[in-house]
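Open the model in your viewer and keep the selection panel at hand. The stops below are meant to be taken in order.

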Amino acid sequence: MAASDFGVESSATPLARPNNAFSQKIAGIMSTSYTDASIRMALLSLDKKIDKNTGEVRRHLRSNTEADVIRANGAALKEFSQFINRLEGLGQTIETLNKRFEGMENLVNKADNDTKSAVQETKGLIEHQNNIKIKQAILAAFKAKFVISESEAEILVSSSHPIDKQFFDVLNKVKKIHADCDALLATDNQELGLEIMSKMSTYMDQAYDRLFFVVQKDLKTVKNDDQTSKKQLSQALKVLSERPAQFEVALKTLSESRQRSLTTLFVNALTTDTAHEKAIDFYAFDPLRYVGDILAWIHSEIVNERETVSSLFGSEMKSATGELLWTLDPTETIDSLVDTITSGVVKPFKLRIEQVVSAETRIGVIYQLSDKLNFYSSMFSKFLKPESALITTLGQMQKFCMRQFDKCLHEKIVDIKEHFLVAPNSDLQPPDFMTDVLGDLKGVLQSYESSVRYSPEGDAETKQIVQDLTEPYLECCNRIASDLPDTESEIFTINCLDAVKLSLQLFMFTQYKIDQLDSRIDEIAEVLVQRLLQQFLTKSGLAPYLKELTGNSTSDDLKTVFTKEALADLSFTLDNFLPSASMDFHSFLFKLASPRLATRIAQDASRLFSVEFSKVERTVLDLYSMEDSRIYFPRTYMDVCVLLGIEDENMSVR
């Protein structure tokens, strides 16, 4: 754009200094940045108004622009004049309102002055009403917490009202009030607290006394099948346990009444027939059944009594946190009560057991009675304390049984020694008293094997009983055997030992005794083997020749003994002996009760005989040639083994 466009003539000379105002304006325009938002917007607005960029348009740009601005300002002033008119009307309205407000404010101030005293009086009344309501609430709360009504007091102390849930609820409330009085004693209301506490104590004493008498009465007539009354009685006992003295008296009443009732029932069961069964004393002729029936009856009653007493203490004795719901330990109390109740049957029970055991002389039956007492003692211990009267009595009766057992055993041994130590039968079998005692021994061991105290290794008491039921009788057998000839004595002793062994083999825990008996049998069997060997060496004719071999004889000396004629006679004697030797063995041992043992003794004696024969045969072969030896002494070691039934891997001359 040329300078003439802005109404300024350009200088003819380029170096001429321009007009100062114009230059400043040019400089201002040139210094304005197009990035300036206002300039940019102005230029954009001008650009929209110029349709054609001609010289005419550029010359009239300023005038046209200013004319547009004037027109826009005129339109704005016209519009603003309407706003001014409205604003003036609004001002008049506000002024009117202010005047009215001032009038109302004056009226209000006047009314306020007139009602000020009434408002203050009303506020005072409202505040007083609120205070009264607070006091009423406090009084109601105090009454609810520290006062019981007349109807509630009537429930506690009146005998016409039953002992039920209402009674216990009121009693709990009284106890809580009594405990809460501590809060009053800690404040300025100590006198009130003491008065309320004294009144509640009176109510509590009257309630506990009434509860005590009712519980005492109910405990005397409590029945097993009345679950409702037992539940109420249980709750009453739980509350009464807070008064230990009265609670102990109530429990004593319960135990005494139940004890008398149980003792009466026991005596009736012993002596009186019922429509369904005989009296227990009717079976006194059978000691095991009699004692078993008595113990079974007592056991069932112990279970019933414990169930009854436990039901009085309730099924829940501890809370969810494990704390006792009672002021004492219910389990210990139940144990003590059941012990006291069942102690009433101790005297008649003990008397009858002593009578039965004292009259019994059969050793096996006495032991079975002791074992039955031990079994029921273990059963009773599930419901009674170890130190209870009934379990203590059972222990005493067990000891009494064992004393009677030892007494009968001793008397039987004495009787045997005085009257039954006579010669045995010709078959040398154990005497009758040995058979009887072995029957008792089996009965005792069978009873122990089926008892609760059974052990595969046996216990010290049982081992002592085995000792007492075997050794004294074996000693009697030894005394009988001492009067018999040698061979019969050994056979008789072995038969007695073997009979004891056979009786003990039925029981695992007697293996130690069986081993002892086997050792003694083996010793006596060895004596029989040697005696049988000597007898057969004599019958066979080998004995005198073996004596010569035991000395220091030379070959020439032996030839004077082992002559051909002597060898021929010896061969003849052997030929007569050997075919019947096996029969001779068995005829010698046929009285042994154990065929296995007889065969073993015969085999051992035959084996030793063959060894002795081999010594003679070897001597003959050393003294004579093989041909002469077989002519005058044809029997060989192999022949002897075959004839005697001996199995030898090396059937050759030894």
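Which helices do the buried residues of α17 pack against? They pack against α13 (363-380), α14 (389-419), α15 (432-449), α16 (460-468), α18 and α19.

Before selecting anything, note that this is a predicted model, in which local features need pLDDT of at least 70 and side-chain atom pairs count only at pLDDT 80 or more, while totals for chains, interfaces and linings use all residues. Residues are numbered from 1 along each chain as its sequence is written, and side-chain values use heavy atoms, with hydrogens and water left out.

**Stop 1: helix α17**

Select residues 471-481, which make up helix α17. Helices here are DSSP runs (H or I, at least four residues), numbered from the N terminus. The buried residues in α17 are Glu 471, Tyr 473, Leu 474, Cys 476, Cys 477, Ile 480 and Ala 481. Buried means under 20% relative accessible area, exposed over 50%, and partly exposed in between (1.4 Å probe, protein chains only).

**Stop 2: domains 3 and 4**

Colour the protein by domain: domain 1 (64-135), domain 2 (147-218 + 227-238), domain 3 (421-523) and domain 4 (541-644). These bounds come from an automatic or database domain assignment. Taken over C-alpha atoms, the centres of domain 3 and domain 4 are 39 Å apart. At their interface, 13 residues of domain 3 are in contact (heavy atoms within 4.5 Å) with eight residues of domain 4.

How much area is buried between domain 3 and domain 4? About 830 Å², with carbon and sulfur atoms giving 56% of it. Buried area is the accessible area (1.4 Å probe) that two parts lose on being put together, summed over both. One salt bridge is counted between domain 3 and domain 4. A salt bridge is a side-chain nitrogen of Lys or Arg within 4 Å of a carboxyl oxygen of Asp or Glu.

**Stop 3: salt bridges**

The structure holds 23 salt bridges.

Next, select Asp 486 and Arg 531, a salt bridge whose closest N and O atoms are 3.9 Å apart. This pair links distant parts of the chain, 45 residues apart, with Asp 486 in helix α18 (residues 486-504) and Arg 531 in helix α19 (residues 511-540). Arg 531 is partly exposed, at 25% relative accessibility.

Move to Asp 575 and Arg 635, whose side chains form a salt bridge at 2.5 Å, N to O. Asp 575 is in helix α22 (residues 564-589) and Arg 635 is in the loop between α24 (626-632) and α25 (637-644), so the pair ties together parts 60 residues apart in sequence. Asp 575 is partly exposed at 30% relative accessibility, and Arg 635 is partly exposed at 21%.

Arg 289 has a relative accessible area of 40%, and Asp 293 has 27%.

Finally, select Asp 371, Arg 453, Asp 459 and Glu 461, which are linked in a network of salt bridges.

Note on methods:
Helices (H or I, at least four residues) and strands (E, at least two) are DSSP runs, numbered from the N terminus.
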